[in-house]
Amino acid sequence: MSLSQLMGAPKVKAQKPKEKTAALILAAGSSTRMGGTLSKQFLSLCGAPVLAHTLLAFQKTPRISEIIVAARPEDFDEIAEIRRDFHITKLHTVVAGGKNRQESARRAFAKVSDDVTYVAIADGARCLITPEEITNVCLSACRYKAASAARRINGTVKRTNYRGAVLDTVDRTNLWEAQTPQIFHVALYSAALAQAEKDKLTTATDDNSLVENLGARVQMVECSPENIKITTPEDLSLATAILTMRQAAEEENEK
């Protein structure tokens with residue numbers, strides 16, 4: 001199927017039951033900004049490893065049929081424990097991550113089942129995503145073939161020179177901060193990976209960039225500002241506060 005055929009396909013309102021989505025969870029980072037020796041994926045967050053929260057969100061999303069994790073080989077045993085302790089039954093395969101994000105995603109994508117129609121690429125450390133948000137991005141991807149979780153940029157944005165001196169103020173009207181998951185039709189994502197290899201593009205910071213490089217458009221899907229990525233100790237503290245508030249709200253609703 002050509003790119004024009006894929007992107008020009010009739011839009012549909014919902015994902016057909018037969019169309020399966022595989023979640024590719026990228027968890028092979030070095031965690032240098034977190035400090036310490038333990039990977040950020042396995043730091044405790046409200047009694048469970050960070051990665052467990054991420055996997056549970058995709059486990060609880062009906063549209064996700066399987067999960068593939070790209071991780072460091074030395075972390076495979078930890079992931080096996082999470083799989084067992086938190087009943088992550090959709091975890092299909094764990095693969096060794098590559099030298100960068102792009103290579104890790106490529107290796108995970110190679111393990112997707114033949115009957116999968118969409119792939120959802122997500123950061124293992126973006127652990128506050130909800131099943132509802134994942135579903136919304138899935139629905140948008142089914143309609144547009146490419147969709148990404150995102151949030152609108154609300155603050156004032158400045159463009160500077162290399163010394164940090166302000167050059168101008170950027171119009172923020174149509175500016176978004178990309179989050180994950182980023183979900184694509186498998187044919188589109190496969191083509192994007194092939195084009196990136198042909199172009200020797202190895203510095204893409206997210207998978208949206210690979211699809212954009214192909215000439216396709218990605219639909220932004222607004223998600224909560226709470227969908228943060230755990231990168232620093234401060235992020236872990238913020239995630240703890242958010243989860244604590246969510247738990248309190250759930251308990252209040254159950255009364």
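Biologist: Why does K200 count as exposed?

Modeller: The relative accessibility of K200 is 70%. Exposed means over 50% relative accessible area, buried under 20%, and partly exposed in between, with a 1.4 Å probe and protein chains only. K200 therefore counts as exposed. This is a predicted model, in which local features need pLDDT of at least 70 and side-chain atom pairs count only at pLDDT 80 or more, while totals for chains, interfaces and linings use all residues. Residues are numbered from 1 along each chain as its sequence is written, and side-chain values use heavy atoms, leaving out hydrogens and water.

Biologist: Where is K200 found, and what is its phi?

Modeller: K200 is found in the loop between α6 and α7. Its phi is near 55°, a positive value in a residue other than glycine.

Biologist: What makes C46 partly exposed?

Modeller: C46 has 44% relative accessibility, and so counts as partly exposed. C46 lies in the loop between β2 (44-45) and β3 (48-49), and although it is not a glycine, its phi is positive at about 55°.

Biologist: Why is D207 called buried?

Modeller: The relative accessible area of D207 is 2%, so D207 is buried. D207 is found in helix α7 (residues 207-213). Leaving aside residues up to four places away in sequence, D207 touches R101, A105, I121, Q182, F184 and Y189; contact means heavy atoms within 4.5 Å.

Biologist: How many helices and strands are there in the protein chain?

Modeller: The protein chain has eight helices and eleven strands. Helices (H or I, at least four residues) and strands (E, at least two) are DSSP runs, numbered from the N terminus. Of the 255 residues of the chain, 45% count as buried.

Biologist: What order do the seven strands of the open sheet follow?

Modeller: The order is β5-β4-β1-β6-β10-β7-β11, with mixed pairing. β5 (91-96) and β11 (219-222) stand at the edges, because each has a single partner strand and one side of each is left without a neighbour in the sheet. From one strand to the next, the twist averages 25°.

Biologist: How do you know that β4 and β5 pair?

Modeller: Two strands pair if DSSP finds at least two bridges between them. Strand β4 (residues 64-71) and β5 have five bridges, in the parallel sense. I68 stands opposite T93 in β5, and A71 stands opposite A96 in β5. β1 and β4 also pair in the parallel sense, over seven bridges, and I68 in β4 is the bridge partner of L24.

Biologist: What makes β4 largely enclosed by the rest of the structure?

Modeller: Seven of the eight residues of β4 are buried, so β4 is largely enclosed. For β7, five of the seven residues are buried, so β7 too is largely enclosed by the rest of the structure.

Biologist: In which sense do β7 and β10 pair, parallel or antiparallel?

Modeller: β7 and β10 pair in the antiparallel sense over six bridges, and R151 stands opposite E177 in β10. β7 and β11 run parallel and are joined by four bridges; A147 has Q219 in β11 as its bridge partner.

Biologist: Which residues make the contact of α4 with α6?

Modeller: Q102, A105, R106 and F109 of α4 meet V186, Y189, S190, L193, A196 and E197 of α6. These residues divide into six nonpolar, two polar and two charged. Ala, Val, Leu, Ile, Met, Phe, Trp, Tyr, Cys and Pro count as nonpolar, Asp, Glu, Lys and Arg as charged, and the others, Gly among them, as polar.

Biologist: Which peptide bond is cis?

Modeller: The bond from T180 to P181 is cis, with omega near 15°. P181 is found in strand β10.

Conventions
Axes fitted to C-alpha atoms, helices over the stretch in contact; angles between N-to-C directions.
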